[in-house]
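Subject: Structure handover

Hi,

Here is the structure I promised to pass on. Please open it alongside this note.

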Amino acid sequence: MVTENNNLPVRLYQKQFIAMMQTVFGVQSTFTPTFGDLQALDGIQNNAIAFSVKANDVPVAVGNYNTDPNVAFGSGTSNSNRFGPMKEIVYSDIDVPYGFNWSFNEGIDQFTVNTDLDSAVADRLNLQAQAKTRLFNSKLGAYLVASAAADLGAVDDVNKVFEAASERYTDLEVVVPVRAYVTAEVYNAIIDHQLVTSYKGSAVNIDENGIVRFRDIVVTKTPTRYMAGKAIIFSPDNIGRAFTGINVVRTIQSENFAGVALQGAGKAGQWISDDNRQAIFTAGTSATTTTSTVAPSTTTTTSKP
């Protein structure tokens with residue numbers, strides 16, 4: 001890159017920034033297990049709707065095959081059938097809107113930056129991708145909390161909370177892995193709990209002093225600032241999508257200093273269907289979580305590589 005922007009008034013970095021965003025998000029996003037890879041588009045034209053999905057709200061009904069002699073036959077000929085009432089299946093288009101926007105505006109003066117402009121732009125785009133990922137972490141955590149079907153109460157006994165969550169997922173017949181995003185306080189309470197043994201549905205990595213599962217629920221230690229005030233967020237894996245649309249990422253020659261303005265703007269959001277939201281639960285608050293009933297582990301644990 002040169003200060004004349006290759007004889008162009010603007011140099012665009014949208015595709016580079018998209019690739020960088022997706023890479024950084026995949027590595028640093030706390031909630032990737034729930035939302036999957038970041039869906040990103042450049043040069044978005046629709047500033048309101050990110051994408052549309054097709055869904056129907058007709059419940060699956062299991063009926064009885066009616067063998068009455070006057071159903072479909074006899075007096076019921078031509079005006080009844082043995083399969084029961086027929087429900088028409090019609091899919092509706094559901095528009096998924098963007099939920100928030102982001103932007104940045106930085107100046108790189110070639111007299112003061114103390115490196116070449118190409119390196120400075122690359123470094124700043126990488127740092128901006130990291131900053132946007134942290135922003136997305138906060139937004140996704142808040143979205144999960146707002147989408148939760150129920151709160152399981154205070155975390156006075158971490159075992160009871162996980163037990164209640166396990167019962168709910170059993171009743172919901174959830175067949176995909178279930179994850180608990182927990183604060184460091186809850187994470188430590190689980191590690192120290194007397195029930196953390198392999199035969200209780202837990203898995204511990206002794207070398208790292210870390211827990212993998214508790215009551216067959218995968219445990220992910222999560223920074224408090226991403227938990228939207230909750231101590232635990234329970235969610236099945238891969239039930240939602242996170243996305244961003246990038247309007248522009250560019251450098252433009254500045255009229256106010258000898259260098260370029262590095263600018264970017266876009267929109268982002270997340271989506272989980274109403275059905276999947278029924279399998280999201282929260283518990284406790286990060287300020288009131290206690291370990292009053294937790295006892296140190298005195299049983300043998302198993303090591304996993």
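Predicted model: local features only at pLDDT ≥ 70, side-chain atom pairs only at ≥ 80, totals over all residues.

**Salt bridges**

Three of them are described here, including where the partners sit.

Start with Asp 237 and Arg 179. Their side chains form a salt bridge, with N to O at 3.0 Å. Asp 237 is in the loop between strand E11 (230-236) and strand E12 (240-253). Arg 179 belongs to strand E7 (residues 178-182). The partners are 58 residues apart in sequence, so the bridge ties together separate parts of the chain. Asp 237 has a relative accessibility of 15%. That is under 20%, so Asp 237 counts as buried. Arg 179 is buried too, at 13%.

Next, Glu 163 and Arg 215. Here the side chains meet in a salt bridge at 3.6 Å, N to O. This pair also links distant parts of the chain, 52 residues apart. Glu 163 sits in helix H4 (residues 158-171). Arg 215 is in the loop between strand E9 (210-214) and strand E10 (217-221). Glu 163 has a relative accessible area of 33%, which makes it partly exposed. Arg 215 is also partly exposed, at 23%.

Then Asp 216 and Arg 213. The closest N and O atoms of this salt bridge are 3.7 Å apart. The two partners fall into separate accessibility classes. Asp 216 is exposed, with 53% relative accessibility, while Arg 213 is partly exposed at 24%.

**Positive phi**

Ala 228 lies in the loop between E10 and E11. Its relative accessibility is 39%, so Ala 228 counts as partly exposed.

Glu 173 is another case: phi is positive, about 60 degrees, and the residue is not a glycine. Glu 173 is found in the loop between H4 and E7. Is Glu 173 buried or exposed? Its relative accessible area is 66%. The cut-off for exposed is over 50%, so Glu 173 is exposed.

**Where to look**

For the bridges, go to Asp 237 with Arg 179, Glu 163 with Arg 215, and Asp 216 with Arg 213.

Best wishes

Note on methods
Residues numbered from 1 in each chain as written. Heavy atoms only, no water. Salt bridge = Lys/Arg side-chain N within 4 Å of Asp/Glu carboxyl O. Helix = DSSP H or I, 4+ residues; strand = E, 2+ residues; numbered from the N terminus. Buried < 20%, exposed > 50% of the residue type's maximum accessible area, 1.4 Å probe, protein only.
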